Amino acid sequence: PDRPWRTPQVFRPLDMFLERCHDQLHVSRTAAQYETLHGVELGGQSGRALSARLVQLSAAFASARSALSSSSPDPLAAPAETFDPAFCAFRAAVKSLDRQLACIIGQAFDEAQSSEAALALLEVFEPLLEREFLQAELERVHIALLADYAADLQQVRAIFDATTDDPACDTGGRGEDCEGHSQGDTASEPVGGLFALPTQSSQLLRAVPHARL
């Protein structure tokens, strides 16, 4: 309406109920994200220690949620004097856990041996990557991952350039050289229905254009 309500106290209980629903939605989403830590085992030099810390974080979150639940059996009907302090304590505990989790994720990515290992870590922690507190750490990880991927592409191009003029030829142990292959040996088979890859290495290398890096 163009004019404000003359009796806002009529809608105050409804506003409080909607706010409490949003609080419960926050608790449920956080619980679903932290439950994904169960059974996660990290590799690398510090994998065992980091995995043990994840178990501790999961237990700490369960304790914080249990404390919130015990403060008010029915959170939607609990008075603000009871629910609000317990909910603030829960959010403070989760914020501390997020900070510790960011350190664990950062160390795990720093110890990743390859781009494949880093991508595997992204998949493992994907449900938790939506948390706002982890975004700063993830930005650093994404930049480093893109740099590693660019380095891998440069290495692939260097190998391609070095072998284009004189490619290795696998004769399958028949003692033939590349020129001894028959036409049938260089037949192409469709891959994914998109294009054909010749089995002879020289034709394969000449069929792939130089990538622009």
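I'll start with Leu18, which is partly exposed, at 42% relative accessible area. This is a predicted model, so that figure, like the others today, is computed from it. Leu18 sits in helix H1.

Next, helix H2. It runs over residues 47-71, which makes 25 residues. From first C-alpha to last, H2 reaches 37 Å, close to the 36 Å expected at 1.5 Å a residue. Which residues of H2 are buried? They are Gly47, Leu50, Ser51, Leu54, Leu57, Ser58, Phe61, Ala64 and Leu68. Two serines are in that list, Ser51 and Ser58. As for what they pack against, the buried residues of H2 meet helix H1, residues 12-34, and helix H3, residues 80-110.

Now the aromatics. Searching the whole structure gives three aromatic pairs. In one of them, the ring centres of Phe83 and Phe87 are 5.5 Å apart and the planes are at 15°; planes under 30 degrees apart count as stacked, so this pair is stacked. Phe83 and Phe87 both belong to helix H3, four residues apart, which puts about one helical turn between them. Are these two buried or exposed? Phe83 is buried, with a relative accessible area of 0%. Phe87 is at 7%, and because the cut-off for buried is under 20%, Phe87 counts as buried too.

Ring pairs also link Tyr34, Phe61 and Phe90 into a cluster.

Terms used. Residues are numbered from 1 along each chain as its sequence is written. This is a predicted model: local features need pLDDT of at least 70, side-chain atom pairs count only at pLDDT 80 or more; totals for chains, interfaces and linings use all residues. Side-chain values use heavy atoms; hydrogens and water are left out. The expected span of a helix is 1.5 Å times one less than its number of residues. Buried means under 20% relative accessible area, exposed over 50%, partly exposed in between (1.4 Å probe, protein chains only). Contact means heavy atoms within 4.5 Å. Rings of Phe, Tyr and Trp (its six-membered ring) pair if their centres lie within 6.5 Å; planes under 30 degrees apart count as stacked, over 60 as edge-to-face and the rest as tilted.
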